[in-house]
Amino acid sequence: MSFLAFFKAPRELVFNTYTDPTTVPDWWGPKRYTTIVKKMDMKKGGIWRFVHRDVEGNEYAFKWRSS
């Protein structure tokens, strides 16, 4: 996955916010879902698994591998 964005914030803060599984639910995905980080392995080849949960309790899981 490639990601390019510009933030008016210190580089370290942006990196930590993007790579810390405890902060990801604060900003990831549509606001109508709760984001649950099931797995977040940041090393090359590591797997990420997130789940979105709606207000009715339905869950939508997705995963990908870091490159």
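The legends below describe several close-up views of one predicted model.

Residues are numbered from 1 along each chain as its sequence is written. Because the model is predicted, local features need pLDDT of at least 70 and side-chain atom pairs count only at pLDDT 80 or more, while totals for chains, interfaces and linings use all residues, and side-chain values use heavy atoms, with hydrogens and water left out.

**View 1**
Read along the sequence, the elements follow the pattern α-α-β-β-β, where helices (H or I, at least four residues) and strands (E, at least two) are DSSP runs numbered from the N terminus. The C-alpha atoms fill a box of roughly 35 × 30 × 20 Å, taken along the principal axes. Of the 67 residues in the chain, 22% are buried; here buried means under 20% relative accessible area, exposed means over 50%, and partly exposed lies in between, with a 1.4 Å probe and protein chains only.

**View 1. The hairpin of strands β1 and β2.**
Strand β1 (residues 34-40) pairs with β2 in the antiparallel sense over six bridges, and two strands count as paired if DSSP finds at least two bridges between them. Within this pairing, I36 has V51 in β2 as its bridge partner, and K39 stands opposite R49 in β2. Six residues lie between the two strands of the hairpin, and G45 in the turn has a positive phi of about 85°.

**View 2. The hairpin of strands β2 and β3.**
Strand β2 (residues 47-53) and strand β3 (residues 59-65) run antiparallel and are joined by seven bridges. R49, which stands opposite K39 of the previous view, also stands opposite K63 in β3. This hairpin has five residues between the strands, and G57 takes a positive phi near 90°.

**View 3. The two salt bridges.**
A salt bridge is counted where a side-chain nitrogen of Lys or Arg lies within 4 Å of a carboxyl oxygen of Asp or Glu. One of them joins the side chains of D41 and K43 at 3.3 Å, N to O; D41 is partly exposed, with a relative accessible area of 22%, whereas K43 is exposed, with 56%. Another salt bridge is formed by E59 with R53, whose closest N and O atoms are 2.4 Å apart, and R53 also stands opposite E59 in β3. E59 is partly exposed at a relative accessible area of 45%, and R53 counts as partly exposed at 33%.

In soluble globular proteins, nonpolar side chains tend to be buried together.

On a 1 Å grid over the protein atoms alone, a pocket is an open set of points where a 1.4 Å probe fits, with protein on both sides within 12 Å along at least five of seven lines, and lining residues have an atom within 4 Å of a point. The second largest pocket has a volume of about 190 Å³, a volume being the space filled by probe spheres set on the points.

**View 4. D26 in helix α2.**
Helix α2 covers residues 24-27 and includes D26, which is exposed, with a relative accessible area of 59%. D26 and R11 are 15 residues apart in sequence and 18 Å apart in space, C-alpha to C-alpha.
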